Amino acid sequence: LKQRTEDSRIKIRKIREEAWDKIQKLEKDGEIREDDKFRAKEELQKLVDEYNKKIEEIEKKKEGELLNS
């Protein structure tokens, strides 16, 4: 269970890095402003935090189910 939880977090971090790279490229190419880049970074981090919280909740629920079986 712990390994699957960590694997999920690793996947989320990888997706975050890919999205951040795309955002930086858009700013570098002049398609978005610097302000938009940092706003997007904040929104991206909020999503990551939200999904990490959901993963933690699922882990705790499943751990409880396993211990009570």
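What share of the 69 residues in the protein is buried? Buried residues make up 13% of them. Keep in mind that this is a predicted model.

**Start with the whole chain**

Show everything as cartoon. The protein has two helices and zero strands. Its radius of gyration is 16 Å, well over the 11 Å that the globule rule gives for 69 residues, so the protein is more spread out than a compact globule. Now turn the model along its principal axes. The C-alpha atoms fill a box of roughly 55 × 15 × 10 Å.

The protein exposes about 6,000 Å². Carbon and sulfur atoms supply 50% of that area.

**Select helix H1**

Select residues 2–28, which form helix H1. Pick Thr5, which lies in this helix. Is Thr5 buried or exposed? Thr5 has a relative accessible area of 6%, and buried means under 20%, so Thr5 is buried. Which residues does Thr5 touch, leaving out those up to four places away in sequence? Show Ile55 and Glu59: Thr5 touches both.

Move along to Glu17, also in helix H1. Its relative accessible area is 49%, so Glu17 counts as partly exposed. Glu17 and Leu44 are 27 residues apart in sequence. In space, their C-alpha atoms are 9.8 Å apart.

**Look for charges over rings**

The charged end of Lys41 sits over the Trp20 ring, 5.0 Å from the ring centre. Then show Tyr51 and Lys54. Here the charged end of Lys54 sits over the ring of Tyr51, 5.2 Å from its centre. How many aromatic pairs does the structure hold? The count is zero.

**Follow the salt bridges**

How many salt bridges does a search of the whole structure find? The search finds 10. Visit a few of them.

Select Lys25 and Asp29. Their side chains meet in a salt bridge, 2.7 Å from N to O. Asp29 is partly exposed, at 43% relative accessibility.

Now select helix H2, residues 34–67. Show Glu43 and Lys46. A salt bridge joins their side chains, at 3.6 Å from N to O. How far apart are the two along the helix? They are three residues apart in helix H2, so about one helical turn separates them.

Lys54 and Glu50 are four residues apart, about one turn of the helix. Lys54 has a relative accessible area of 39%, so Lys54 is partly exposed. Glu50 is partly exposed too, with a relative accessible area of 41%.

For the last stop, select Arg33, Asp36 and Arg39. Salt bridges that share partners join these three residues into one network.

Key. Residues are numbered from 1 along each chain as its sequence is written. This is a predicted model: local features need pLDDT of at least 70, side-chain atom pairs count only at pLDDT 80 or more; totals for chains, interfaces and linings use all residues. Side-chain values use heavy atoms; hydrogens and water are left out. Buried means under 20% relative accessible area, exposed over 50%, partly exposed in between (1.4 Å probe, protein chains only). Rings of Phe, Tyr and Trp (its six-membered ring) pair if their centres lie within 6.5 Å; planes under 30 degrees apart count as stacked, over 60 as edge-to-face and the rest as tilted. A charge sits over a ring if NZ of Lys or CZ of Arg is within 6 Å of the ring centre and within 35 degrees of the ring normal. The radius of gyration is taken over C-alpha atoms; the globule rule is 2.2 Å times the number of residues to the power 0.38. Accessible areas come from the Shrake-Rupley method with a 1.4 Å probe; for residues, only the protein chains shown count as cover. Contact means heavy atoms within 4.5 Å. A salt bridge is a side-chain nitrogen of Lys or Arg within 4 Å of a carboxyl oxygen of Asp or Glu.
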